[in-house]
Amino acid sequence: MSVQQVLFDAPGPKARRNILVGNIIGVLLIAAILTYLVIALGDKGQLTAAKWTPFLESRSWEFFILPGLLNTLKAAAIAVVTSIAVGLLLGIGRLSHLAPLRWLAGLIVEFFRAVPVLLMMIFFWLALGRNNLVDDPTFVAVILALTLYNGSVIAELIRSGVQGLPKGQREAGMAIGMTPIQSLRSIEVPQALIAMLPALVSQFVVILKDSALGYIIGYAELLQNARRLGVGEGNLIQSLLIAALVFILINFALSTLATRLSALLSFRTRATPRKQQPTGAAAPAPSPPQRDAAEEGPSPV
Amino acid sequence: MENYLSLFETYNVPAAFWVNIQLTFWAAIWALALGTLLALMRISPIASLQWIGASYVNIFRNTPLTIIIAFGVLGLFGQLQVSLTEDFNLNFFRLAILGLSVYHAAFVCEAIRSGVNTVPLGQAEAARAIGLSFLPAARLVILPQAFRGAIAPLGNVLIALIKNSTVAAAGSVAAESASLMKTMIEFRGDLVIPIFLTFAVGFVIIVIPVGLLTTWASRKLAVAR
């Protein structure tokens with residue numbers, strides 16, 4: 001974070017002038033890009049009032065955007081809960097003292113992390129739809145695909161969280177007569193969950209973003225409804241932009257929450273790096289390395 | 001078994017994977033170039049450029065890739081008649097590459113920035129002490145070390161990109177593997193699970209070596225300190 005100040009000195013008169021010139025160029029660049037966009041869109045007739053006024057009418061929101069958002073949030077919320085459940089199961093499986101269980105959980109986790117979510121979604125959609133197993137195959141397919149992928153990712157988070165704990169935690173559990181599984185369940189995993197909370201919240205952003213894949217299999221989520229609205233009103237570009245804006249606002253709020261959490265929790269997890277003084281390492285205001293990963297926000301999948 | 005093997009005579013599965021690999025290859029190059037530029041902006045002393053970099057990352061990192069790809073075909077092509085080539089199908093392919101690059105550039109930028117975090121303070125101080133200004137210092141001292149420190153996160157972005165190349169299905173790239181799998185399941189409903197496993201294992205075979213390779217490279221090329 002504070003790396004920016006590291007790369008250059010407090011500027012002198014000449015550097016200040018250069019920075020000023022750079023800033024002017026930068027502002028001109030922003031202005032040029034914006035002007036170009038406005039002119040290009042205006043030329044194609046995309047800025048006329050008729051393209052934008054549908055968003056002032058309540059029926060656009062009532063019948064398209066809000067139901068779409070509701071479906072997106074519904075799928076994401078259910079997938080968050082099921083992913084955490086699956087993640088806990090697989091994570092504890094990967095940490096088990098029984099080797100076959102460990103291998104099995106490892107195999108499942110590695111497999112579902114490597115398979116694109118979209119492939120799983122299409123598979124569940126067509127497989128469930130064929131056999132008439134459920135009422136709403138698109139919805140169930142979205143949930144299942146999101147759960148399997150994100151559950152595997154959360155299992156890895158839990159595993160790395162538990163492995164990052166001081167050894168004494170487990171030893172203390174054993175010393176008071178707990179079985180390994182008891183110590184995992186009531187001592188290690190809860191601490192790992194707290195330590196990994198920022199990364200977990202970042203994963204929620206991934207779940208919310210990936211729920212938009214439901215568009216491809218015809219689940220009536222926000223993007224799908226925005227497209228329908230856009231086709232109906234003849235303002236596809238504007239509708240997609242509004243849908244993107246809604247996603248960005250929600251995800252930005254979640255990402256900010258993740259960063260805040262990681263700052264808030266940094267004192268709780270400071271126990272281990274006591275002896276490793278940063279010997280001239282990294283940034284001047286050093287945050288322990290494992291924190292950086294969490295601060296990075298949503299991952300690209 | 002014979003049924004299953006006959007699938008490969010009717011449908012060209014390797015060709016579909018080849019489309020995904022091509023999408024990944026071109027998108028990776030563009031995303032790396034754009035992401036490096038954005039990272040440079042974000043670490044530069046110029047506030048307006050920092051602002052551009054940060055806004056870009058925050059916007060594209062928080063937008064679903066599906067919207068970006070759909071926007072390419074519905075908005076750019078459908079409404080604005082943007083075409084990157086005369087060829088109808090190639091145009092969708094290139095628009096998908098554009099969408100994938102724009103999206104992943106934000107993650108490349110953050111990966112490189114995390115690489116910059118691994119460069120010790122003394123390196124930047126030494127660069128300044130011998131009189132290098134920002135750009136030469138970045139080019140000669142900071143970025144070469146930052147890239148070597150960023151191999152692991154860049155590898156994660158590459159793996160995500162490989163998997164995300166299937167989302168090109170939303171951009172009318174009908175030849176890629178997710179679309180082919182859909183077609184195959186629709187026509188050969190008796191073989192749903194074998195068809196899915198074929199494609200899934202295909203991705204496992206591509207993704208896991210890339211993961212092992214980048215982990216190995218990040219250890220091998222780590223700057224010894």
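**View 1. Chain A, taken as a whole.** Of the 301 residues in chain A, 44% count as buried, where buried means 20 or more other C-beta atoms within 10 Å of a residue's own, exposed means 12 or fewer, partly exposed is in between, and the C-beta atoms are placed from the backbone. What you're looking at is a predicted model, in which local features need pLDDT of at least 70 and side-chain atom pairs count only at pLDDT 80 or more, while totals for chains, interfaces and linings use all residues. Residues are numbered from 1 along each chain as its sequence is written, and chains are lettered from A and ligands numbered from 1 in the order in which they are written. Chain A has 13 helices and zero strands; helices (H or I, at least four residues) and strands (E, at least two) are DSSP runs, numbered from the N terminus. Read along the sequence, that gives α-α-α-α-α-α-α-α-α-α-α-α-α. Take the contacts in chain A with a separation of 6 or more: 76% of them link residues 24 or more positions apart. Two residues are in contact here if their C-beta atoms, placed from the backbone, lie within 7 Å.

View 2. The score to know is pLDDT, the predictor's confidence in each residue, from 0 to 100. Chain A averages 84, with 86% of its residues scoring at least 70. Chain B has a mean of 90, and 100% of its residues reach 70 or more. One stretch to watch is residues 273-296 of chain A, where pLDDT stays under 50 and the model has 33 contacts beyond four places in sequence. For the model, ipTM is 0.90 and pTM is 0.87.

**View 3. Where chain A touches chain B.** The contact takes 54 residues from chain A and 59 residues from chain B. On the chain A side, the elements giving two or more residues are helices H1 (3-6), H2 (13-43), H5 (99-114), H6 (117-131), H11 (222-233) and H12 (236-265). H12(A) gives the most to that side, with ten residues. By type, the chain A side splits into 38 nonpolar, nine polar and seven charged residues.

**View 4. Helix H5 of chain A.** H5(A) has 16 residues and reaches 22 Å from its first C-alpha to its last, close to the 22 Å expected at 1.5 Å a residue; the expected span is 1.5 Å times one less than the number of residues. Its buried residues are A:Ala105, A:Val109, A:Phe112, A:Arg113 and A:Ala114. They pack against helices H4 (58-94) and H7 (137-163) of chain A, together with helix H10 (192-220) of chain B.

**View 5. Helix H10 of chain B.** H10(B) has 29 residues that should span 42 Å at 1.5 Å a residue, and its end C-alpha atoms are 42 Å apart, which agrees. Buried in this helix are B:Ile195, B:Phe196, B:Phe199, B:Phe203 and B:Val207. They pack against H5 and H6 of chain A, along with helix H1 (2-10), H8 and H9 of chain B.

**View 6. Inside the largest nonpolar core.** A nonpolar core is a set of buried Ala, Val, Leu, Ile, Met, Phe, Trp, Tyr and Cys residues joined through C-beta atoms within 7 Å. The largest one has 147 residues, and A:Met121 and A:Ala145 have the most contacts inside it. Its largest share, 17 residues, comes from helix H5 (residues 88-117) of chain B. Leaving aside neighbours within four places in sequence, A:Met121 is in contact with A:Ala141, A:Val142, A:Ala145, A:Leu213 and A:Ile217.

**View 7. Two loop residues of chain B with positive phi.** Most residues other than glycine have a negative phi. B:Gln81 isn't a glycine, yet has a positive phi of about 55°. You'll find B:Gln81 in the loop between helix H4 (65-79) and H5 of chain B, and it counts as exposed because it has 8 C-beta neighbours inside 10 Å. B:Ser172, also not a glycine, has a positive phi of about 60°. B:Ser172 sits in the loop between helix H8 (151-164) and helix H9 (177-187) of chain B, and it is buried, with 21 other C-beta atoms within 10 Å.

Technical notes
Ala, Val, Leu, Ile, Met, Phe, Trp, Tyr, Cys and Pro count as nonpolar, Asp, Glu, Lys and Arg as charged, and the others, Gly among them, as polar.
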